[in-house]
Amino acid sequence: MEMHSLVFAFNILATVVWCAPPRCEPVDEILGRCKSRGPFQEQPECAELELGYCDDMPYDYTVFPNILEHRSREEAEAGPEYLLLSVVHSLLKGECSPDIRMLGCSVLAPRCEGGAVHKPCRRSCEEVRRTCAHAFEGIDMAWPYFLDCDRFFVSDEEGCYDPLAMLRERQEVALARFSPEEPSTIIQFTYQSNAQMINVLKKTAAKCSHISRTYSIGRSVEGKDLLVIEFSDNPGQHDLLEPEVKLIANMHGNEVLGRQLLIYLAQYLCSEYELGSTRIQTLINSTRVHILTSLNPDGYERAAAEVEDNPEPENQEGPVYNGWTSGRANAQNLDLNRNFPDLTSIAYSRRRNKRYRTDHIPIPDSFWYGSPETYAVMKWIRSIPFVQSASLHGGELVVSYPYDFSKHPLEEKMFSPTPDEQVLKQLARTYADAHATMSDNNTNRCGGSFAKKGGIVNGALWYSFAGGMSDFNYLHTNCFEITVELGCDKFPAEEELYTEWKNNKEALLSFMESVHRGIKGVVKDEDGNGIKGARISVRGIRHDIRTAEDGDYWRLLNSGVHVLTASAPGYSRVMKKVFLPARMQKAGRVDFVLQKAVLEPDEPDLLPADTYDRFDPFNQLERYSLGEQGGGGETRQEKPWWWGYFTQFGASAPTWLLRN
C-alpha cells in the first residue's frame, strides 16, 4: 500500500513538473524574452483558443500560462512574439507562410486536452527551420528565440503533436490533383518573389542534395543574396576534365523571363535526374552546371512592383512595354552590363602588335568603381574554370556574341569579330537553332530582322557598348559567353510562362551539352604533376586558354584540322596536330607532357601580369561598407528596415531579432 502511495505521489509531482512553464533565465529576462514570476508559479489551466492569428490551429483549447509564461490571452497578444506572427507574412513576402505562423502559435498557444499540455514536435520545428532559415537571413533577421527547437519543442517519445499536420494534409490533397499517367516533372509556372525564388532553389538543392547545392557569390547593393544553384555528380568540387558551364539571368532587373526559365530549369534538372532521364543524368554526371537565376534582385523588385501597381494600363503600356527603364539598373542606378572593365578597347589598341594576344588581359588599376554585383561576378568567374556561359536578357529575339563593343569608336553598328568568330557563331547558333521560333522567318520580331541571319548577330553589329559582361569573360578568362535575348516582352504575362518554357527548354539543354565540343586534356610535367597556367595555343587563332589548378584544360573548337601548342614558363613547347570530325559527340582528348628546359627569356608582355593578390574587390568593398563610428571608436549599427514594425505600436523592442 505504501508503494502505491509513493508511485501516485511521484506521478502527481511529474505532472506538475511537466505542466509548469520553463524557468525564466536571467539572460532571457534581460533580453525581454520572458518575465520572472518569483517562487510561486501559477498552475496551467485550459482555455478556449481565441488568438486571432492562431484560429486555424488543429485544436480548440490552449493553456495559460503558456510555454513562454504569458498568463493570459491579453498578455500573449501584447507581446512581440505575437506581433511577429501577425506581420511575418509581410516581412517574408509570403515565404514560409503559414508554416512559421502555425509553428509559433504552437508555442504561444500550445495544445491543451484533458487538463494536460501537449507540446509541439521537435521534428516539425527542425524541418521548418531547415527550409525557412534563409528567409530570415534574407532580411537580416535572427531566427526567433521562441522557435528554438531544442528548448520549446519535444520528441515523439515525449508525446508531442505535429502542429502542421492539417497544413500537410491540405498540401497532399492539392498535389493529388496532379496525377499524370507517367512520372513527370511538375513545375508551377508562376512568378516568384526574391524570397520565394531563394526558397525554391534551396528546396530543390535539398531534394537533390546528392547532385546539387546552393552557394552565394555575394550580395546586392540592398543586401540580397546572389544565390547560385549548382548541379554535378560531385557538387562543390571541380573534377578533373569535367567542363564548367554557367547560366546567368536577370542582369537587367526588368528583364524577367530568363530568371523564371532558370528557376524552372533547376527544378527540371533535379526532377528528371531523379526520374531516371538518361539525357539529364548524362549531362549532370559529365558537366558541372552553375545557375545564377538573378544577378539584379534589387532591380527585379522595382520592376515587379510597377507591374503589380499597374498591370494593364491603356495605350499599349503594361507588361509588354513595362520597364524599358524602371528596374533595369541596380539600386545604385548602374547598368550592370555596362559596368565591367572595358578590356575591349585595350585589345583594339594593341591588336597590330604581333606578340599581343586577346586573352587574359589584366584588369586596369584604374578600375575601382562599380557595384557589388559586378565585383561578385568578377570574383566568381576568376575562381572557377568556366568554359562557356549564357546571359539571358529580354527586349528582342536573337542571340548575340562578342565583341559587343565596336572596333571603331565612332561606329555604333560595325561588325567586330573576335579571333574565335567561328566558334562563338556556332555557340550562338546552337541556342538559336534549338529554340522553337528564334530562327523562324515567320516569327514576329520586335524591330530587328534577325531571322535572315538565323536568329544570331555579332553584338557590335547590332549596337555597340563598352563594359559588357560577355566581352569581359572572353578577354579576361577562358570562358566564352553569348547573350540570349528571349523575346520582345521583357515582363510577359504569367499565362505565357509555360509557352516560353517550351520554347526555350531544348535550347537550354542543347547549349549546356555543347560544352563537350572541341578538345580537352591535361598538361603535365615529366613527373606526372599537372602544370597550372600553361598556355594552349591554336594556330591561326590569336586567343589562348590556360590550364586550371590541376593542369586540365578545355578548348572550344569547331570541326577541322587544328595545330595545338602547349607551353609554360621553364618548359619546352610541345606541338600536336589534331583532326576534329564534323559530328562531334564529345570533346577529343589531347594531353601534353612538357619537359623542363632553360629557355631564352621571352619578350616581356605588353601588359603587366595580373595576379589574384592584386585583384581583391571584396576587401575594397568591405572598407567602404564599414558602419559609422560613434564616440569611443565603437561602430554604431543602424537598425534594419523592419525594426519599425515593432516600435511603432509602443511594443517592447525584440532585440532578440537582431542578428548582431
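**Exercise 1. Describe how H5 and H6 pack, and classify their relative orientation.**

Solution. The structure is a predicted model.

Step 1. The axes of H5 and helix H6 (residues 122–138) are 10 Å apart, and the packing angle is about 130°.

Step 2. Angles over 145 degrees count as roughly antiparallel, and 65 to 115 as roughly perpendicular. H5 and H6 are therefore oblique to each other.

Step 3. The crossing of H5 past H6 is left-handed.

Step 4. On the H5 side, the contact is made by Asp99, Ile100 and Leu103; on the H6 side, by Ser124, Cys125, Val128, Cys132 and Phe136. Sorted by class, the contact of H5 with H6 has 6 nonpolar, 1 polar and 1 charged residues.

**Exercise 2. Carry out the analysis for H4 and H5: which orientation do these helices have to each other?**

Solution. 

Step 1. Helix H4 (residues 80–91) and helix H5 (residues 99–108) have axes that come within 9 Å and cross at roughly 160°.

Step 2. An angle over 145 degrees counts as roughly antiparallel. H4 and H5 are therefore roughly antiparallel to each other.

Step 3. The handedness of the H4 and H5 crossing is left-handed.

Step 4. From H4, Glu81, Tyr82, Leu85 and Val88 meet Ile100, Arg101, Gly104, Cys105 and Leu108 of H5. The residues of the contact of H4 with H5 comprise 6 nonpolar, 1 polar and 2 charged.

**Exercise 3. Determine the strand order of the sheet of 8 strands, and explain why one side of E5 and of E11 is left without a neighbour in the sheet.**

Solution. 

Step 1. The sheet is open, its order is E5-E6-E8-E7-E9-E12-E10-E11, and its pairing is mixed.

Step 2. Strand E5 (212–219) and strand E11 (456–458) stand at the edges with a single partner strand each, so one side of each has no neighbour in the sheet. From one strand to the next, the twist averages 25°.

Step 3. Within this sheet, E5 and strand E6 (residues 225–231) run antiparallel and are joined by 6 bridges. Tyr215 is placed opposite Val228 in E6. E5 and E6 form a hairpin with 5 residues between them, and Gly223 in the turn has a positive phi of about 90°.

Step 4. By contrast, strand E7 (residues 244–249) and strand E8 (residues 288–292) run parallel, with 5 bridges joining them. Here Val245 stands opposite Val289 in E8.

**Exercise 4. Locate Asn478 and state what its side chain reaches.**

Solution. 

Step 1. Asn478 lies in the loop between helix H17 (469–476) and strand E12 (480–487).

Step 2. The side chain of Asn478 makes a polar contact with the side chain of His360 at 3.1 Å. The Asn478 side chain also reaches the backbone oxygen of Arg546 at 2.8 Å.

Step 3. Neighbours within four places in sequence left aside, Asn478 is in contact with His360, Phe386, Val387, Ile545 and Arg546.

Methods:
Residues are numbered from 1 along each chain as its sequence is written. This is a predicted model: local features need pLDDT of at least 70, side-chain atom pairs count only at pLDDT 80 or more; totals for chains, interfaces and linings use all residues. Side-chain values use heavy atoms; hydrogens and water are left out. Axes are lines fitted to C-alpha atoms, for helices over the stretch in contact, and angles run from 0 to 180 degrees between N-to-C directions. Helices (H or I, at least four residues) and strands (E, at least two) are DSSP runs, numbered from the N terminus. Angles under 35 degrees count as roughly parallel, over 145 as roughly antiparallel, 65 to 115 as roughly perpendicular and the rest as oblique. A crossing is left-handed if the near helix is turned anticlockwise from the far one by less than a right angle, and right-handed if clockwise. Contact means heavy atoms within 4.5 Å. Ala, Val, Leu, Ile, Met, Phe, Trp, Tyr, Cys and Pro count as nonpolar, Asp, Glu, Lys and Arg as charged, and the others, Gly among them, as polar. A polar contact is a pair of N or O atoms within 3.5 Å; within protein, one must be able to donate a hydrogen and the other to accept it, and residues adjacent in sequence count only if both atoms are side-chain atoms. Two strands pair if DSSP finds at least two bridges between them.
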